[in-house]
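Visitor: I am new to this structure and would like to be walked through it step by step. Could we begin once it is in view?

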Amino acid sequence: MLAFTAILAEPQHFSLAEKLLLVVLVAASAAAFWRRFGVVLDKILKSKKDPSFHLFPIGKRVWDFVCEVLFQTKVIRQRPLPGLAHAFVFWGFCAFVLVTLNHFAVGLGLGFLNPASFFGRFYTYFAAVFALACAAGIFGLFVRRFLVRPKWLGKKLSWESGFIAFLIFLLMVTYLASFFVADADPATRVLWWVHTLTLLTFLPIIPHTKHLHLILSPATVFLSRGGFSQIPPLVGDEDFGLIAGTDLTWVTSLQAYSCVECGRCTEHCPAANTGKLLNPKEIILGLRGYLNDLGPASEEPLLGKYNAQEAAFQCTTCGACEFQCPVGIEHLPILVGLRRGAVNTGAWEDEYGSKLFLALERGANAHGLPASERDKFIEKIGLPIFDGTQEYCLWLGCMGGYDPKGREIIADFARVMNFLGTSFGVLRKEKCCGDPVRRLGNDLVFQQLAEANLETFEQNKAKKIVSICPHCVRTIQEDWKEFGTPPQVEHHSEFLARHTDKLPKQANGETIVFHDPCYLGRYRNVYEQPRSVVALAGELVEAPRNHERSFCCGAGGGLVFLGEETGERVSHVRAAELVATGAKTVGTACPFCNSMFRDALAEKGEGAPQLLDIAQLTARGLPERSAS
Amino acid sequence: MKIIVAIKQVPERDAQVRIDAAGKWIEESGLQYTLNESDAYALEEALQLKEKHGGEVVVLTAGPERVGPTIREALAKGADRAIHIDCADLGARDALGVARLLAAAVKPEAPDLVLTGLQSDDLGQGQTGVILAELLGLPHSSLILHVEKTDTGMTVKRELEEGWFRTVELPTPAVLTIQSGGNKLRYATLMGIKRAKTKEVRTVTAAELAVDSAPVAVLERVALPQKQKSTQILPGNPKEAAAALVEKLKFEARVL
Amino acid sequence: MSGIWVVVEERDGRASRISWEAVAAGQKLAALTGLAVSAVVIGAQTEALATEVAAKALGKVVRVEHPLLAAYTADGFTLALQQFIEAEKPDYVLFPHTYQVRDYAPKLAARLGQVLIGDVTGFAEGPVFVRQLMQGRLNGSYRHSGNGPCFVSVQAGAFRADEAQVGEAAAITVFSPTIDPAQIRTKPSERFRGAAQTVDLGSAQMIVGVGRGIKDPANIPIAQELATALGAELGASRPICDNGWLPMERQIGSSGQTISPKLYLAVGISGAIQHLVGIKGSQCVVAINKDPDAPIFEVADYGIVGDLMEVVPALTEAVKAAKQ
């Protein structure tokens, strides 16, 4: 009869026939496992080498592994309840290693863990605690998937997930039940065999399903490209990006096979949230499907049957997907890679895209406006020209140099720098930093722009650059590295934050909701500096989605230059969220966000919050003095 | 069909215009150069015709060594080969002189079609293509937006003033000058630039072509125009301002 | 040599306005050089045209007539004028700089070993002919070298048609060139308008754009009347189309149409960059806005600061009066 015995029961005697049967079953299970896993491993190993992958420095890799895999930090932090449930399941698996090994050893009469010994009791109880937590966790996840049905898991119910959940639950139950029987009970043998068969059924299923992540994801996290949105340089004369299977490197293949289909990437994607075709999860699964069907040696196009070109060009490169992924998939190099394949070969035919490329082929800025317009602006507000003697070179960028709102931000920032006594100058000639063409995958134009700008900096010997645009900051600091050594660059929020003690605190400031720009927040990890600046001007209010969860304004990835979007406008969705906070002012730190919200807020009519960059918020608090 | 596209490298549109020491042209040091805009459309038209009917697109350009990148850009966009007339004194020749150089290079090629851009962004004469037709003894039409091959030659769509158009039928071989805006231009791609490295660029010097070069129309000097572009705000009450505006539009801007 | 000959171009049977400007230019050149100025008309039936031209102060008017000149062809006009010039031996041949002239005058000049000095905006002692270079950012002075006629064409609006002086009726003679049909290699069709069904702002020569300053859809007819008076298309900045006050195909800007008209009037438009990018190809920009600091004024050639509800109707009236 079942009675709590406080000692894990193990069948004591296995006949030769049983042992043989066990060996045969284990062999069969392992063979079935390898039959599929071997294929997957083969595809990953046969994928192209990745010259941009460097194992060293290894410190960060180890750290990420410990945090994200062992401690499940990202899994828990970004989706707390389900994340914790999953963590228990994972920790349960870890805790069960010895248990499982001993379980099979027992079947061969070679059990090495005596459940009655001191260590044996300790360990089996320890595992039992985890078994309870794991069972509760897996049960909760089952309920979530089949009863709650969050849309990010997809419309179709995954019966395979249900079955696996059942198997895991069964493993835990059979383990825990073994505390309620004695060694000699026939029930013990039944429990033992059920547990064994469950395990041996589970094993071959792993490589056939998304549970492959059990084996792959620790490797995926450890072997990531490093950095965030790390776009690898093209190699040689025949590399144009991700066009066919032969272009996928082993890093990408490993990531494609690691997808858990959790949908966290899709949940935070601005395109997926506004009715567009793009779904980051489907991009990765599309690659996986391609690899499954065609393999890494195929010349079939990646954009076609498995993923749509249209979807690839709806990405704002906001990075929410890559940031959220708990198994280390790096979506951005894949999306930009797919775009490169289309653009570098001329396969992408888009009216606005062509216009943008032609404008930058022929001229200095992304708007296609004459460079003399920038000169006129500099002259009009009397910005000093950088001559090597000033401390900072103020980079105007395409928005600061040509957009009326961007110009206002520059003018106010210049006022603030003058107030602080910081010397600065602007370049006589600037070419677009190349961000839009970089994100759209046009390596030809990007190289031309980066090299031209790097040469300008060679000649001007500017050591420190400050910019009002996070896209420029990112592109200059990271992407230009491919073609030379960029000067040091920072965003104006970082500059201002260092001087908050010298800037006046404004009395009776209104409520200001700060919108984290994608390229400042997720890309650069700068969250508190702009907030410290906002706090000088008024009362900081947070939007529901803030910090690393900030929802894109919709301009990035070159999309602001691509004309009308399908579905809802990303900028309007975010603007509505900001307005709903009830704040009187929307604070921005990026001229593109500013431009996008300008139209969206104007539609709200009277009573809409005012829109101000942090430079403008700071400048309004300065004592009345003549401008630069 | 074999199509020759005559292209010109011109200073970039935003180039700063400063008069050189001799007062005869603009200061060239520090200028960035690019493919002439309507020539880009001529090239696009040629490439589309080749894609439809097969054949070869040859770009032809006269100029000093610095025209190299512009030739490569044309090859990158899809032209098959290039002929470079190495000429250091292009500015000293008039439109007839330049056309003579081009004609000398075109004649041995015996093309089916010669395309040029409508006019250059620097001199803006719009004559080279028409004169070229005369020198080659070929029929021509200018201000062309669209070209279609027919059994008897070509049918082209020609732009007229004030929103009117006309179609013209002509036999091949012929010369056409192409107006901007007729097609969507293709952008230069990385793949195109890489492939261009292996395409033939044949250089022939102006001296070898031995044509008459003494100009008939001589550019004696250049000067900056008196009024700089600045906004004229017209004062007065609505009626006065409106009347002043109409006057300006008619006689100063000459758009009415 | 026989002085200055102005080639008059006809439009619907009458001399075009730009031809009168060329006549005025010819008369000025005559005053400058001391040469006589005459005119030549060319076509299949030029009697009425010649009579009209002869009313101006000209030495002679010659009708170059041939049935094969009924429709313009480069071959026909070149052959005809070539023969005329070889017979008359002019010092100067002056043309109005029209699309038609651009199509044959360079050919004609080259045939005679000359080069057209085209799109001239003025002349000075010498004579020296001034034309624009570098898209209007530079002026160049040209001189004719060598023997033979000097071919010149004058830019529209560089000279004033109303300054073409009248005089005693000039003598009219007829010149009949020899043209073989086989020599005319091109076959032109009748002229036609572009596709009328869709709004094609991209090729419109004149456009009136309305922006948020119009405040109410009921006010749009005011702008439409101005557009009609000008013979212009109506366009709008994005917010107007977003509100549905005008259809999306009339949107001008980075996500709508890019325009390159001769004349663009921005009515009640502030000048956000998305709009500026769409209009940067405009030759002449006029801005009407009640905010003197509106960014649109930075890119406008002319501006009126005022209430568009008053300025636009006044402008409509002024335009109608000028067209009389």
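Visitor: What distance separates the centres of domain 1 and domain 2 of chain C?
Guide: In this predicted model, chain C is divided into domain 1, covering 4–183, and domain 2, covering 201–323. With the centres taken over C-alpha atoms, the separation between these domains of chain C is 38 Å.

Visitor: What distance separates the centres of domain 1 and domain 2 of chain B?
Guide: Chain B is likewise divided, with domain 1 running over 2–209 and domain 2 over 226–256. Taken over C-alpha atoms, the centres of domain 1 and domain 2 of chain B are separated by 38 Å.

Visitor: How many of the contacts in chain A, as a percentage, join residues at least 24 apart?
Guide: Chain A has 628 residues, of which 49% are buried, and its secondary structure comes to 27 helices and 8 strands. Counting contacts between residues at least 6 apart in sequence, the share that joins residues at least 24 apart is 81%.

Visitor: Why do the buried residues of helix H25 of chain A line one face of the helix, and which elements do they pack against?
Guide: Helix H25 of chain A spans residues 570–579, and its buried residues are A:Val570, A:Ser571, A:Arg574, A:Ala575 and A:Leu578. Seen down the axis of H25(A), these buried residues fall within an arc of 125°, and therefore they line one face of the helix. The elements of chain A against which the buried residues of H25(A) pack are strand E5 (511–514), strand E7 (585–588) and helix H26 (591–602).

Key:
Residues are numbered from 1 along each chain as its sequence is written. Chains are lettered from A and ligands numbered from 1 in the order in which they are written. This is a predicted model: local features need pLDDT of at least 70, side-chain atom pairs count only at pLDDT 80 or more; totals for chains, interfaces and linings use all residues. Helices (H or I, at least four residues) and strands (E, at least two) are DSSP runs, numbered from the N terminus. A residue is buried if 20 or more other C-beta atoms lie within 10 Å of its own, exposed if 12 or fewer, and partly exposed in between; C-beta atoms are placed from the backbone. Two residues are in contact if their C-beta atoms, placed from the backbone, lie within 7 Å. Domain bounds come from an automatic or database domain assignment. The arc is that of the directions from the helix axis to the C-beta atoms.
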